[in-house]
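Subject: Handing over a structure, with notes

Dear colleague,

I am passing on the structure below, and I would be glad if you read my notes with it open beside you.

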Amino acid sequence: MSFLTINNLSLAFGEVNVLKELSLSIEEGELVTLLGPSGCGKSTLLRSIAGLVDPDNGSIVIDDKEVISMNPKDREVGMVFQSYALFPNLTVEDNIAFGLRMKKLNKTEIEKKVKSMIDLVGLNGKERSYPRELSGGQQQRAALARALVVEPKVLLLDEPLSALDAQIRARLQNQIRDIQQKLGITMVFVTHDQEEAMAISDRIFLMNNGEIAQSGSPVEIYTRPNSEFVARFMGHYNVLHADELQQIVGFDAGFQGSLFGIRPEAFTETNIHGDGIEVTGEVQKVSLLGNVVRYQLKTGTQHFSAEHLHRSQEYTKSGDVKTLYLSKEDVIPLT
Amino acid sequence: MKKKTNGFLWLTATPFFVLIIGFLFLPFIAMIISSFKKNGEAGFSLFNYTEVFTNKFYLQAIGNSVLISFTASLIGILVAVFVAYSFTKFSPKVQERLLLLANMTSNFAGVPLAFAYIVLLGTSGLFTILFNELSIGFLQGFNLYSWFGLVIIYIYFQIPLAIMLLYPIYLGIEKRWKEAATLLGASPLQFWLKIGIPFILPGIAGTFSILFANAMGAYATAYALVGSNFNLLPIRIGALISGDIFAQPELGSALAVFLGVSMIIALLINEWLMRLVRRDLA
Amino acid sequence: MKENMRTHKIIVTITFLYLFIPLLATFLYSLSTTWNKTILPEGLTLKWFVDLYNDPRFIDALWRTIQLTGGTMIVSILIMVPAIFAITVYAPKYEKWLQTIVLFPYAMPGVVAAVGLLSIYSKSGIPMVIVLAGSYFVLILPFMYQGVRNSLRTVNAKTLVEAAELLGASRSTAFWKVIVPNITPGIMVSSLLSFSVLFGEFVLANILVGGSFETIQIYLYRRLRESGHLSSAIVVSYFLLLLVLSWIMVRFSRRGTLKLKKKEPIV
Ligand SMILES: Nc1ncnc2c1ncn2[C@@H]1O[C@H](COP(=O)(O)OP(=O)(O)O)[C@@H](O)[C@H]1O
Ligand SMILES: [Mg+2]
């Protein structure tokens with residue numbers, strides 16, 4: 001039995017069905033992300049788990065207990081908000097202690113727990129500061145500490161890093177992952193950033209329009225998308241119809257299906273395994289993206305893109321004709 | 001760049017500041033100077049201030065003004081604390097309409113308001129008749145032209161003003177705070193005691209000081225109701241400067257300076273408290 | 001979250017009942033034949049409105065008020081808008097001063113302002129109506145400043161002006177051709193607000209000019225005890241005007257502008 005199980009959860013705001021018979025299950029100690037474009041219902045799902053919105057139908061079981069009709073505070077879930085939602089009139093340590101005080105723990109125990117939590121998230125020296133005196137990253141860590149200190153069974157994080165700039169974001173991703181593994185806590189992390197999802201999760205649930213489009217490990221989702229939506233969302237996949245694919249790989253390749261996805265880096269410059277399909281294309285455009293070079297190529301009337309690691313000795317220009325190789329298993333049938 | 005701008009800047013700023021100096025600063029200074037002059041004498045003296053702070057009549061006017069302003073502001077804010085909160089519970093569209101209505105009624109003050117209350121509660125007012133017909137005991141003796149009646153009217157114009165000032169402060173309370181507190185095990189009451197009320201308290205106090213200043217300076221309502229018969233500070237000032245025979249503009253100036261200073265103090269307190277709120281919001 | 005919406009509805013309803021009862025009573029009173037002994041009016045009539053609008057004294061008072069407030073508004077707009085623009089864009093370091101000055105009128109209730117104005121201008125030979133207009137200029141300064149300042153900020157005036165000047169426009173062309181069209185809606189809102197404040201102004205008018213220049217408010221005050229029904233017709237007309245002004249203001253202002261406006265004590 002999984003630690004958190006959601007079954008056939010449905011929720012509508014007025015006429016709009018935001019969650020559509022959604023089911024998923026999460027194991028204890030896992031960090032999973034809910035990934036998807038904005039407006040697809042991630043926050044609503046998270047808030048349903050926390051009990052901040054009432055689903056119309058379905059069940060939510062946490063640690064073998066049906067929680068769907070429980071009050072938020074009895075569900076033993078913690079939540080970290082995108083806007084941090086720190087209490088402005090309380091200092092960092094009072095913010096962190098808030099949940100413990102509500103539980104009426106004794107003073108020394110509260111002090112001990114708050115202290116160790118401040119050590120854990122690295123906010124030493126900021127105990128007496130007010131939220132407004134902290135940087136965004138520090139506020140985020142205070143919010144994390146406040147949610148963690150009451151030892152919830154599941155910690156829910158709703159786009160906790162999206163208001164921060166790239167460098168701090170990367171650092172906090174690592175820190176959250178470290179803390180999660182150290183405490184062995186179950187986390188559900190919401191994000192709309194696929195790179196962030198791939199960087200931190202054990203598993204990804206990719207959502208679209210109130211449904212789970214695909215779930216699996218980051219590698220599975222990235223390399224084996226099952227639909228056009230997933231392929232387009234996870235990277236710069238070339239999404240091709242059967243006739244378009246045939247223009248590129250030739251008529252004898254024998255692929256079954258009507259829609260296919262090919263990752264741009266699947267086109268290699270050398271025939272590594274010896275069984276690659278030879279593809280020739282005229283270079284239309286070359287863009288340098290840091291350590292990667294992207295080529296826009298054209299075969300017949302069909303455009304596609306390919307990416308390689310950037311090596312400075314290359315001099316490919318627009319107008320050159322390039323020969324590339326493509327493994328059969330890198331042509332992924334999509335629905 | 002800078003040098004070239006001067007022409008346009010001077011041309012536009014000069015008449016602007018001439019008017020401000022002429023109609024704001026000079027009168028203000030003249031008033032202060034006049035308050036230090038004894039009627040008909042050339043030199044400076046503290047006579048007027050001594051008079052203000054020793055004459056029972058003026059002390060009473062100050063006391064009355066403070067008392068009535070304080071009472072009306074207190075009741076006004078107590079009501080508005082609940083009403084403004086209720087406002088925030090409606091959909092944004094409805095909230096906008098409610099604010100528009102509040103804004104409109106807050107324009108209903110002074111002479112027209114006094115008149116409306118005469119129609120309603122005056123000697124042959126509609127409610128007065130109604131109360132008498134229905135024999136509602138304690139209301140039968142109600143007299144609009146009394147202190148009690150004046151407080152009732154003052155409360156009326158304080159409520160919409162208080163609502164409009166408190167409403168944005170409530171908007172500062174984020175929904176997420178409440179949700180976070182709930183998840184951490186706080187009841188609604190605990191949320192309000194630990195987070196909500198401490199957060200809005202400076203704003204409430206600041207609003208109170210604006211209401212108080214507003215009532216302290218109010219002249220038209222009381223004047224329209226009973227002319228110069230109420231012994232209130234603004235009424236006294238008005239009588240001292242515009243009475244033909246008994247005009248004592250210097251004494252009026254001293255009272256006016258006193259009133260102005262007390263308003264500035266009230267508004268400074270408001271500024272200070274508001275800054276506290278803003279620091280929290282930042 | 002489930003909150004008891006019913007309670008809030010009741011609170012709001014009672015509040016507005018309380019706030020509107022004086023208005024409704026006045027409205028009914030202005031339409032009733034006689035109403036001083038019975039619970040309900042004895043009959044309904046438009047007589048009081050007809051009387052009012054046929055009273056030359058009322059028409060004169062209305063006309064004076066329109067001249068006074070309208071004239072003050074036009075002069076104020078012509079003087080304030082370019083000045084506030086020039087200071088915020090070309091002399092931003094003096095803005096702080098301006099912001100402080102603009103707060104002064106808040107601390108000066110009508111009576112206090114009147115004392116100062118009388119003590120300096122009562123024997124100067126300047127007609128008191130002009131002094132009154134000058135004091136109105138100061139009275140509406142906070143509203144106009146707020147409105148103009150916010151509009152300038154919204155349209156990013158500084159950048160606009162720089163762009164216009166780089167394209168060869170002179171300072172005053174930049175102001176009239178680029179800034180003014182963009183901030184007109186904002187100015188309209190604060191002008192209407194100022195207009196409704198001035199229209200309801202009684203204290204300064206009564207003390208500075210009194211009966212020698214009878215405005216609507218003074219007319220109302222003087223009529224108060226003569227005829228209640230006629231007075232209520234005035235009050236109703238006044239309130240209808242406020243209603244129209246508020247409505248126009250909302251049309252002009254974008255969502256939410258109104259609620260941010262600081263209220264001037266006008267009593
Ligand atoms: N309280 C609400 N009332 C009405 N519609 C809502 C409410 N909350 C969210 N929605 C709608 O539900 C959909 C999903 O929202 P949300 O769960 O916040 O998406 P996400 O977090 O994935 O961006 C959106 O279309 C949003 O407009
Ligand atoms: Mg969201």
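Predicted model: local features only at pLDDT ≥ 70, side-chain atom pairs only at ≥ 80, totals over all residues.

Residues are numbered from 1 along each chain as its sequence is written, chains are lettered from A and ligands numbered from 1 in the order in which they are written, and side-chain values use heavy atoms, with hydrogens and water left out.

Chain B contains 13 helices and zero strands, where helices (H or I, at least four residues) and strands (E, at least two) are DSSP runs numbered from the N terminus. The C-alpha trace of chain B spans about 75 × 75 × 35 Å along its principal axes. Of its 282 residues, 57% count as buried, meaning under 20% relative accessible area with a 1.4 Å probe and protein chains only.

The largest nonpolar core has 262 residues, and B:Phe16 and B:Tyr154 touch the most other members; such a core is a set of buried Ala, Val, Leu, Ile, Met, Phe, Trp, Tyr and Cys residues joined through side-chain atoms within 4.5 Å. Within chain B, helix α8 (residues 147–171) gives the most to this core, with 16 residues. A second, separate core of 19 residues includes A:Ile248 and A:Phe304. Leaving aside residues up to four places away in sequence, B:Phe16 touches several residues of chain C, among them C:Ile79, C:Met80 and C:Phe137, a contact being heavy atoms within 4.5 Å.

With best wishes

How values were computed
Buried < 20%, exposed > 50% of the residue type's maximum accessible area, 1.4 Å probe, protein only.
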